[in-house]
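Here's a walk through one model, strand by strand and contact by contact. Take a look at it first, then read on.

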Amino acid sequence: MNRKINKVAVLGSGVMGSRIACHFANVGVEVLLLDIVPKEAADSSKPNERNKIVNDALKFALKSSPSPIYSKSYTNRISTGNFDDDLSKIAACDWIIEVVIERLDIKQQVFTNVEKYRTPGTLITSNTSGIPIHMMLGGRSEDFQKHFCGTHFFNPPRYLKLLELIPTPKTDPIVIEFLEDYGQRFLGKTTVVCKDTPAFIANRVGVYSIMSLFHMVKEMDLTVEEVDKLTGPVLGRPKSATFRTCDVVGLDTLVHVANGLDEHCKNDEVHSLFTMPDYIGKMVDKNMLGSKTKQGFFKKIKGEDGKSKILTLDLNTLEYREKKRAKFATLEMTKTIDDLKERTKVLLAGKDKAGGFYRKSFYGLFAYVSNRIPEITDAIYKIDDALNAGFGWQMGPFETWDVLGVEKTTAKMKEAGVEVSVWIHEMIAAGCPTFYKLENGVKYFYDIETKAYQIIPGSENILSLETLREDNTVWKNSGTTIVDLGDGILNIEFHTKMNTIGGEVIEGINKAIDLAEADYKGLVISNDGENFSAGANVGMIFMMAVEQEYDELNFAIKAFQDTMMRVRYSNIPVIVAPHNLALGGGCEMSMHADKVVAHAELYMGLVEFGVGVIPGGGGTKEFALRASDEYKDGIRLDVLKNRFLTIGQAQVATSAKEAFELGYLREGIDEIVVSRAHQLTVAKAAALSLANKGYSKPIQRKDIKVLGKEGLGIVYVGANSMKSGNYISEHDQLISEKLGFVLCGGNLSESTLVDEQYLLDMERKAFLELCTEKLTLERLQSIITTGKVLRN
């Protein structure tokens with residue numbers, strides 16, 4: 001069956017339901033969002049009264065931060081209604097998702113009513129985090145049972161990538177195959193098929209990890225600050241680490257899941273860990289549940305000076321106190337180690353309390369996941385995928401175990417009195433030293449059933465730099481690696497800090513274009529780092545400016561500009577595939593590509609104004625060029641104003657869709673990919689398509705219309721009025737005038753056609769002049785030392 005999802009019904013508009021509805025709208029699906037009629041409106045005939053619950057829930061979701069929706073315009077794809085008046089509309093839906101309260105009896109009532117209107121063959125799923133899926137089938141028709149399974153989205157659905165699929169014995173395998181593919185390609189999820197066991201995979205292991213830690217902090221006399229320092233980014237995990245995450249999720253939610261595991265996992269070898277420590281029980285009794293009650297492991301208060309400050313809970317007294325600095329010798333040793341794998345080895349080898357914490361924590365985790373197979377899944381990669389996508393870990397348990405050495409670590413665990421599952425010993429004895437291995441660009445996992453390595457299903461059809469890098473590297477320097485993607489397409493990736501663009505990256509891009517022009521068909525610029533690029537190397541710019549090495553700075557900026565022009569005007573197609581942060585120079589690089597294949601989660605913008613300069617790598621030039629293409633009689637000044645404000649306000653798109661709206665991406669040329677896993681595959685295909693159609697080197701533009709004095713008038717008047725009203729500083733006024741001068745092509749007496757190099761020279765001159773300003777240097781120094789922009 002060639003199944004298509006054009007319309008989805010979401011039944012239940014609570015925190016999860018409303019946000020699931022928004023994410024389906026994000027990917028272009030029409031959504032019907034339904035909920036109950038308020039009791040007070042039972043006799044009303046007015047739709048706005050009968051739909052108050054669902055409408056209020058959707059409004060609340062849309063106002064939440066971060067936003068659940070890519071663009072406000074996408075809200076038009078969501079229609080609302082109620083169960084009494086509108087349930088019949090589900091007959092036209094391709095997928096019905098139940099997201100009502102976590103009570104089996106209520107879910108079954110909903111399904112009874114759904115059966116009255118559901119079209120046979122329509123997918124029907126339940127979003128639940130704990131109720132056994134098979135228990136929902138009572139009284140359901142054969143067709144319902146065949147097309148039914150659990151779909152566990154993680155909150156918030158737009159941002160957390162995990163989607164757990166839980167089939168029942170009656171679920172048609174074709175349904176699961178479809179949802180696996182749809183979840184990944186269309187919804188951008190890491191789809192993991194789970195067994196119908198308590199808490200499924202991610203929460204079973206994740207909550208074990210948290211509960212283990214709850215007990216460990218008392219045993220090892222650790223503070224809240226120390227735990228969050230040890231379990232955050234240093235370990236390749238989110239900044240919220242452990243206790244801040246608990247506050248965000250809600251301690252009551254964690255207790256609910258843990259109590260469920262305590263009740264339903266009596267045979268779990270560490271069942272006692274699911275019993276709450278005394279201090280957690282007291283926190284729940286005192287309503288110290290986290291953000292929802294405004295106090296948890298942290299509490300935000302107003303100080304005597306009127307400024308907000310955050311206090312930390314003392315786990316011994318349950319009183320709040322000033323934050324204490326957490327410091328460990330082991331962590332100090334890892335400050336210069338950027339590679340997570342190498343850093344992890346140092347962490348577990350530590351001789352202090354931190355090292356002891358890591359060994360105790362990881363040894364327990366490794367033993368726990370080894371014993372969950374085959375209980376919760378038959379495949380090790382599903383546990384890693386679930387933890388990485390659901391909890392934001394960069395390395396799952398088995399991946400981490402591989403890094404540390406399976407046999408060596410297992411032996412150390414035994415010395416520490418921690419025993420692993422029998423199959424681990426069998427794997428080692430069989431001469432299989434790792435859980436994963438790479439061969440010919442394909443990733444394999446150790447399969448317990450066959451006692452041999454098997455290809456991770458689906459991975460052979462997805463390009464990954466991780467699997468290609470080892471055997472397909474063509475060239476590299478300290479900041480970049482050029483990898484052969486096959487079929488005549490190269491990829492250049494950055495691996496500087498935050499993937500900032502300095503001399504080594506400029507060298508690498510030029511080398512990649514040289515190689516591609518000589519022997520290949522095209523080039524992709526992408527990487528698998530946390531961010532595509534945070535922009536130019538601000539530290540390098542600051543050092544040159546403060547040392548007044550303006551000739552060197554001019555040379556560096558021109559080299560950047562020239563490289564961006566090579567990206568556009570080379571003999572081969574260049575595709576840029578940005579994700580997450582693409583700021584400043586990262587945005588400018590994207591704007592010079594033949595085509596951008598953007599990940600939907602893209603934070604793109606020309607932010608140079610915030611550090612006291614204008615975009616100097618071709619960004620200002622490019623906005624002048626794009627404005628020229630939009631100029632029409634009567635709206636020219638409006639176009640100029642919009643382009644000016646986008647740069648002048650350092651506007652950052654919070655999605656790829658917004659990047660189109662702000663003019664960073666081009667309609668009809670650039671495209672959005674929701675699946676991060678498929679982004680490189682799509683980018684390579686785009687490069688091949690352009691090459692195979694017969695790619696010709698573009699001709700540099702000489703027909704860019706600039707407005708001269710006509711535009712400068714509105715720029716100068718606007719900047720002056722903003723300064724007079726104390727909305728901007730004198731320094732901001734100067735930057736505004738410099739920006740406007742470039743966008744307008746200078747002090748020309750009338751509209752004039754200019755070429756790109758003319759604008760690039762003006763852009764570079766303005767950039768250098770601003771670098772001589774004392775306040776610009778102060779801003780640059782501020783962002784280097786604090787990561788924050790100093791407002792002058």
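## Around strand E4

Let's start with a pair of isoleucines: Ile96 has Ile124 in E5 as its bridge partner. Four bridges join E4 to E5, and the two run parallel. Pairing here takes at least two DSSP bridges between the strands. Helices (H or I, at least four residues) and strands (E, at least two) are DSSP runs, numbered from the N terminus. This is a predicted model, so local features need pLDDT of at least 70 and side-chain atom pairs count only at pLDDT 80 or more, while totals for chains, interfaces and linings use all residues. Residues are numbered from 1 along each chain as its sequence is written, and side-chain values use heavy atoms, with hydrogens and water left out.

Strand E1 (residues 7-11) is joined to E4 by four bridges as well, again running parallel, and Val10 has Ile97 in E4 as its bridge partner. In a regular strand the side chains alternate between the two faces of the sheet. Strand E4 (residues 95-98) is covered on both faces: Trp95 and Ile97 on one side, Ile96 and Glu98 on the other, all buried. Buried means under 20% relative accessible area, exposed over 50%, and partly exposed in between (1.4 Å probe, protein chains only). E4, H5 and E5 make up a right-handed β-α-β unit; right-handed means that, with the strands pointing away from the viewer, the path from the first strand over the helix to the second runs clockwise.

## The seven-stranded sheet

Further along, there's an open sheet of seven strands with mixed pairing, in the order E15-E16-E17-E18-E19-E21-E24. Strand E15 (473-476) and strand E24 (671-673) are the edges, each pairing on one side only. Neighbouring strands are turned by 25 degrees against each other on average, direction ignored. Inside the sheet, strand E17 (residues 489-494) and strand E18 (residues 522-525) run parallel, joined by four bridges, with Ile492 opposite Ile525 in E18.

Helix H21 (residues 503-519) packs on this sheet, touching E15, strand E16 (480-486), E17 and E18, and its direction makes about 175 degrees with that of E17. Contact means heavy atoms within 4.5 Å. Axes are lines fitted to C-alpha atoms, for helices over the stretch in contact, and angles run from 0 to 180 degrees between N-to-C directions. Helix H28 (residues 676-692) lies across several strands, including E16, E17 and E24, at about 170 degrees to E21.

The largest nonpolar core has 112 residues, with Phe297 and Tyr358 making the most contacts inside it. A second, separate core has 76 residues, among them Val505 and Phe623. Such a core is a set of buried Ala, Val, Leu, Ile, Met, Phe, Trp, Tyr and Cys residues joined through side-chain atoms within 4.5 Å.

## Salt bridges

There are 47 salt bridges in the structure, each a side-chain nitrogen of Lys or Arg within 4 Å of a carboxyl oxygen of Asp or Glu. Asp56 pairs with Lys52, closest N and O atoms 2.6 Å apart; the two are four residues apart in helix H3 (residues 52-63), so about one helical turn separates them.

Glu115 and Arg140 form another salt bridge, at 3.2 Å between the closest N and O atoms. Glu115 lies in helix H5 (residues 104-117) and Arg140 in the loop between strand E5 (123-126) and helix H6 (142-146), so this pair ties together parts that are 25 residues apart in sequence. Arg140 counts as buried, at 11% relative accessibility.
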